[in-house]
Amino acid sequence: TFDVVVDADWRPVRIRVDSGEHQILLEPHGGVLTGVRDGVTIELPWEPDRHLDSFTPATNLITTRRLTDTSEIDVVYLAPFTLEPTLERQRYELIGHEEAETTVGRFAAARWRFTSLPDGWTSDLWVAGDVVVRYDRLFELEWYEAGASGPQPV
């Protein structure tokens, strides 16, 4: 289960993740991110401009919606499977706007380059509206239904 709630400015209000073996619930309150991981209360330093990241394109989408250009940001990163939170620095570079080819069609999208600054891992991702339609070496869009307001393939 991955459940994230954001406000009108795409800032996290709540994140709840259940990996099967581990669970975490986090909410920002003033200068701390409070919650429970596997039944244990946790608190992490928090600022309004901090981001949340987990091994899902949803958190990358939220970050790209908050940014307007290339930026280095501070994030609370939830490790895959264990959901262990750590503070990390990341960079998002807005490369430009182009068409992204996927297995379900081609989309007009913003191309971003993500870099994890602690280890240098990098990959490109394409965002069309409110959907990460392509994320090289990490995720592949295999099925898509636009609904009433989603981006349409070109």
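Rings of Phe, Tyr and Trp, taking the six-membered ring of Trp, pair if their centres lie within 6.5 Å; planes under 30 degrees apart are stacked, over 60 edge-to-face, and the rest tilted. With that in hand: Y92, W112, F114 and W121 form one aromatic cluster.

A word on the source. This is a predicted model, where local features need pLDDT of at least 70 and side-chain atom pairs count only at pLDDT 80 or more, while totals for chains, interfaces and linings use all residues. Residues are numbered from 1 along each chain as its sequence is written, and side-chain values use heavy atoms, with hydrogens and water left out.

Now the rings. The structure holds six aromatic pairs. One of them is Y92 with F114, edge-to-face, at 5.4 Å centre to centre and 70 degrees between the planes. Y92 sits in strand 8 (residues 85-102) and F114 in strand 9 (residues 105-116), so this pair ties together parts that are 22 residues apart in sequence. Strands here are DSSP runs of E, at least two residues; helices are runs of H or I, at least four; both are numbered from the N terminus. Are Y92 and F114 buried or exposed? Both are buried, meaning under 20% relative accessible area; exposed is over 50%, and partly exposed is in between (1.4 Å probe, protein chains only).

Next pair: Y135 and F139. Edge-to-face again, 5.8 Å centre to centre, 65 degrees between the planes. Y135 has 3% relative accessibility, so it counts as buried. F139, at 28%, counts as partly exposed.

Seven strands form an open sheet in the order 6-7-8-9-10-11-12, with mixed pairing. Two strands pair if DSSP finds at least two bridges between them. Strand 6 (51-53) and strand 12 (139-140) are the edges, each pairing on one side only. Strands 8 and 9 run antiparallel, joined by 12 bridges. H97 stands opposite A110 in strand 9.

What about helix 1? Seven of its 10 residues (the helix spans 57-66) are buried, so the rest of the structure largely encloses it. The buried ones are T59, N60, L61, I62, T63, T64 and R66.

Last stop: H22. Where is it? In the loop between strand 2 (12-18) and strand 3 (23-29). Leaving aside neighbours within four places in sequence, H22 is in contact (heavy atoms within 4.5 Å) with V17, R37, D38, F81, T82 and L83. The C-alpha atoms of H22 and G39 are separated by 9.4 Å, at 17 residues apart along the chain.
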